[in-house]
Amino acid sequence: MLLPQQIQGILYFLLAGWGYGFIYSFITVFVKGNRLSFLKGCIVVFYHLLFTSFLFWGLFLVNGGRFSLYFPLFFVAGLLIYYMLYMPFFFKVAYDCRYKMVTILKKVNLVKSRIVAIIELRKKARRRRKDARKQRKCRKKKKEEKTSYSLFL
């Protein structure tokens, strides 16, 4: 492998490690409040599969898919750079985004619950009207039966 291709590969893996740490920290923040552990696991596994496939696809584009043994070291170096220097700032940004999303979702759920309550109230009212109609019909039939019996007596 030529020197320019090696440098491109090294920089690619360094940036890939940084990007991996960045995206994974956002995923951990957003999945943290989720109560479904199966869903958490699926998201994390899907992320790793997707990231790995993009990593090797990018490696193919950079240097024809030649993998050297020192590339994973630069990937780990990119991870360490992110976790030591950038993570405190981006973690705060991720938590702020999550907090804003949660407050918006709470408001949406509140509005949704009010709308569902109105719909349910209308269903109950319709059911009451329907039951009242049935009772009136039954009363009418009973009245007719009483009058019809009285004619025969």
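Student: Is Cys 42 buried, partly exposed or exposed?

Tutor: Start with the cut-offs: buried means under 20% relative accessible area, exposed over 50%, and partly exposed in between (1.4 Å probe, protein chains only). Cys 42 has a relative accessible area of 35%, so Cys 42 is partly exposed. Before we go on, note that this is a predicted model: local features need pLDDT of at least 70, side-chain atom pairs count only at pLDDT 80 or more, and totals for chains, interfaces and linings use all residues. Residues are numbered from 1 along each chain as its sequence is written, and side-chain values use heavy atoms, with hydrogens and water left out.

Student: What is the relative accessible area of Cys 97?

Tutor: The value is 33%, so Cys 97 is partly exposed.

Student: How many disulfides does the structure hold?

Tutor: A disulfide is a covalent bond between the sulfur atoms of two cysteines. The test here is a pair of cysteine sulfur atoms within 2.5 Å. The structure holds zero.

Student: Where is Gly 9 found?

Tutor: Helices are DSSP runs of H or I with at least four residues, strands are runs of E with at least two, and both are numbered from the N terminus. Gly 9 is in helix H1, which spans residues 3-32. Its relative accessible area is 0%, so Gly 9 is buried.

Student: Which residues does Gly 9 touch?

Tutor: Contact means heavy atoms within 4.5 Å. Not counting residues up to four places away in sequence, Gly 9 touches Val 62 and Phe 71. Take Val 62, in helix H2. At 23% relative accessibility, Val 62 counts as partly exposed.

Student: Which residues make up the largest nonpolar core?

Tutor: A nonpolar core is a set of buried Ala, Val, Leu, Ile, Met, Phe, Trp, Tyr and Cys residues joined through side-chain atoms within 4.5 Å. The largest has twelve residues, including Phe 13, Tyr 20, Tyr 47, Phe 51, Phe 71 and Phe 75. Helices H1, H2 (37-63) and H3 each give two or more residues to this core. H1 gives the most, with five. Apart from this core lies another, of five residues, among them Phe 26, Val 29, Tyr 82 and Phe 90.

Student: Which residues are in contact with Phe 75?

Tutor: Leaving aside neighbours within four places in sequence, they are Phe 13, Ala 16, Gly 17, Tyr 20 and Phe 51.

Student: Is Ser 25 buried or exposed?

Tutor: Ser 25 has a relative accessible area of 2%, so Ser 25 is buried. This residue is found in helix H1. Its contacts, leaving aside neighbours within four places in sequence, are Tyr 82 and Phe 91.

Student: How much space lies in the largest pocket?

Tutor: The search uses a 1 Å grid over the protein atoms alone. A pocket is an open set of points where a 1.4 Å probe fits, with protein on both sides within 12 Å along at least five of seven lines, and lining residues have an atom within 4 Å of a point. Grid points are joined across faces, edges and corners, and a volume is the space filled by probe spheres set on the points. Here the largest pocket holds about 250 Å³.

Student: Which residues line the largest pocket?

Tutor: Phe 30, Gly 33, Arg 98, Met 101, Val 102, Leu 105, Lys 106 and Asn 109. Helix H3 (residues 71-152) gives the largest share, six residues.

Student: Where does Arg 98 lie?

Tutor: Arg 98 lies in helix H3. Its relative accessible area is 22%, so Arg 98 is partly exposed. Not counting residues up to four places away in sequence, Arg 98 touches Val 29, Phe 30, Lys 32 and Gly 33. The C-alpha atoms of Arg 98 and Phe 30 are separated by 6.3 Å.
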